[in-house]
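Me: I am new to this structure and would like to go through it in short steps. Could you show it first?

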Amino acid sequence: MSHSLQRHLQTRLQAARAADLYRTRRVIEGGHGVRIKVDGRACINFCSNDYLGLASDPQMGRALAQAALVQGCGSGASQLITGYNREHAALEEELADYLDRERALLFSTGYGANMGVISALMGRGDAIVSDALNHASLIDGARLSGAHKDIYPHADMPGAQACLAASRGENTLLLSDAVFSMDGDVAPAAELAHLADKYDAWLMLDDAHGFGVLGPQGQGSVAAAGLSARQVPILVATLGKSIGAAGAFVAGDRDLIEYLIQAARPFVFSTAPPPAVAAAARQGLRLVRADQWRRDHLFSLIARMQSRGRSLGLAVSASSTPIQPLILGDEARALAVSNALLERGFLVSAIRPPTVPEGSARLRITLSAAHTAEQVDALLDALADILASPQCAGAA
């Protein structure tokens, strides 16, 4: 490594440490469920996106293992070469049926799906109207497309309308998370659909955190809002959260999917996901459709978190989803509380800028159907005690 590169990297790393923005990875041993071992320490996991508790479910493991014995470990090529397996095709068919869409298309990651869809659909001369708190993959997809970008304040429908009314793009894409990953609030999907129809914009929703959880049978935010495929023509979601597997998909009509097969670069140029992972996702989808008890229990835990948290004096958010942030403001304080929780056996990550806006560092607490009421109570008791301590005192 050249001396100039080394100096540059060391300066950047030192700055991140000084600002309490340095990030490290923790090593998880075994399954990634509610009870985990982190860097050798047994603890209860409250910061996963495994909302229905499927990531370490034995049924998922058996589906993966059985498929791997038949299909092998890798796909060997992109989907357009030799990587497209019958397991992939079956999963796409089942997702389309579940969501009442004509077709679905698998991507290796949610990040790749959003990047691929946006950059394939939009280009110079087009316009993208985007929520200010959209996920990084939506932001980067908009940047990559070369389209003009108008950002409206978070969930501000008059602001979105003003952007749409002023748009001079040849085509306009209205772009939003369906459930926002750091605050847990649900986008006003019905109002977005109305604006898209009024201004002839194409509405794209990323339902990564609503799919499997919200709506009838867990069909997601679009179904929960009573919207049709015509009103939300471009729907993206992931398979690594509620489904408990990995990968992502976009669902829409035949022409949309066929066009993306031709033009979405992360799809065209990425090795296909392993067939065994697709088989596990199919099992996860079956469980999501059949096991209403998972959602019922999850929402009872959300209600418990809200009511008991307030009774303990915690400034719990108004989120109605499994994402329950506790905003602490200061980066150092968020880290201190996170570390204190780990000492007591609870894993809750501190989320800091640039992931969230300056001054809004937080604990991103997430609930799972695999949690018990007693575990939620224990976390809340620990939080109340830690936040009252001299080391972490301050407004919660």
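Me: What kind of model is it, and how are residues numbered?

Reply: This is a predicted model, in which local features need pLDDT of at least 70, side-chain atom pairs count only at pLDDT 80 or more, and totals for chains, interfaces and linings use all residues. Residues are numbered from 1 along each chain as its sequence is written, and side-chain values use heavy atoms, with hydrogens and water left out.

Me: Let us start with strand β8. Is it largely enclosed or exposed, and why?

Reply: Strand β8 covers residues 202-206, and four of its five residues are buried, so the rest of the structure largely encloses it. Buried means under 20% relative accessible area, exposed means over 50%, and partly exposed lies in between, with a 1.4 Å probe and protein chains only. Strands (E, at least two residues) and helices (H or I, at least four) are DSSP runs, numbered from the N terminus.

Me: Which strands is β8 joined to?

Reply: Strand β7 (residues 172-177) runs parallel to β8, and five bridges join them. Strand β9 (residues 234-238) is also parallel to β8, with three bridges between them. Two strands pair if DSSP finds at least two bridges between them.

Me: Which residues face each other there?

Reply: Asp 177 has Asp 206 in β8 as its bridge partner. Met 204 is opposite Ile 234 in β9.

Me: Which helix goes with β7 and β8?

Reply: Helix α8 (residues 189-198) forms a right-handed β-α-β unit with β7 and β8. Right-handed means that, with the strands pointing away from the viewer, the path from the first strand over the helix to the second runs clockwise.

Me: Changing topic: what about strand β11?

Reply: Six of the seven residues of β11 (residues 323-329) are buried, so this strand too is largely enclosed by the rest of the structure. Six bridges join β11 to β14, and these two strands run antiparallel. The bridge partner of Leu 326 in β14 is Leu 363.

Me: And Arg 362, is it buried or exposed?

Reply: Arg 362 has a relative accessible area of 2%, so it is buried. Arg 362 is part of strand β14 (residues 361-366).

Me: What does its side chain reach?

Reply: The side chain of Arg 362 comes to 2.9 Å from the backbone oxygen of Met 182. A polar atom of the Arg 362 side chain also lies 3.0 Å from the backbone oxygen of Ser 360. A polar contact is a pair of N or O atoms within 3.5 Å; within protein, one must be able to donate a hydrogen and the other to accept it, and residues adjacent in sequence count only if both atoms are side-chain atoms.

Me: Which residues does Arg 362 touch?

Reply: Leaving out residues up to four places away in sequence, Arg 362 touches residues including Asp 183, Pro 325, Ala 334, Ser 349 and Val 356. Contact means heavy atoms within 4.5 Å.

Me: How much space lies in the largest pocket?

Reply: The largest pocket holds about 990 Å³ of space. Its lining has 29 residues, and the closest to its centre are Thr 24, Cys 47, Leu 347, Ser 349 and Ile 351. Helix α14 gives the most to this lining, with three residues. On a 1 Å grid over the protein atoms alone, a pocket is an open set of points with protein on both sides within 12 Å along at least five of seven lines, whereas a cavity is a set where a 1.4 Å probe fits but cannot get out; lining residues have an atom within 4 Å of a point.

Me: How many cavities are there of 30 Å³ or more?

Reply: Searching the whole structure gives three cavities of 30 Å³ or more. The largest cavity has a volume of about 70 Å³, and its lining includes His 32, Phe 46, Cys 47, Thr 366 and His 371. Grid points are joined across faces, edges and corners, and a volume is the space filled by probe spheres set on the points.

Me: Last topic, the backbone: which peptide bond is cis?

Reply: The bond from Pro 353 to Pro 354 is cis, with omega near 10°. Pro 354 sits in the loop between β13 and β14.

Me: What is phi of Asp 39?

Reply: Asp 39 has phi near 50°, a positive value in a residue other than glycine. Asp 39 lies in the loop between β2 (35-38) and β3 (41-45), and is partly exposed at 47% relative accessibility.
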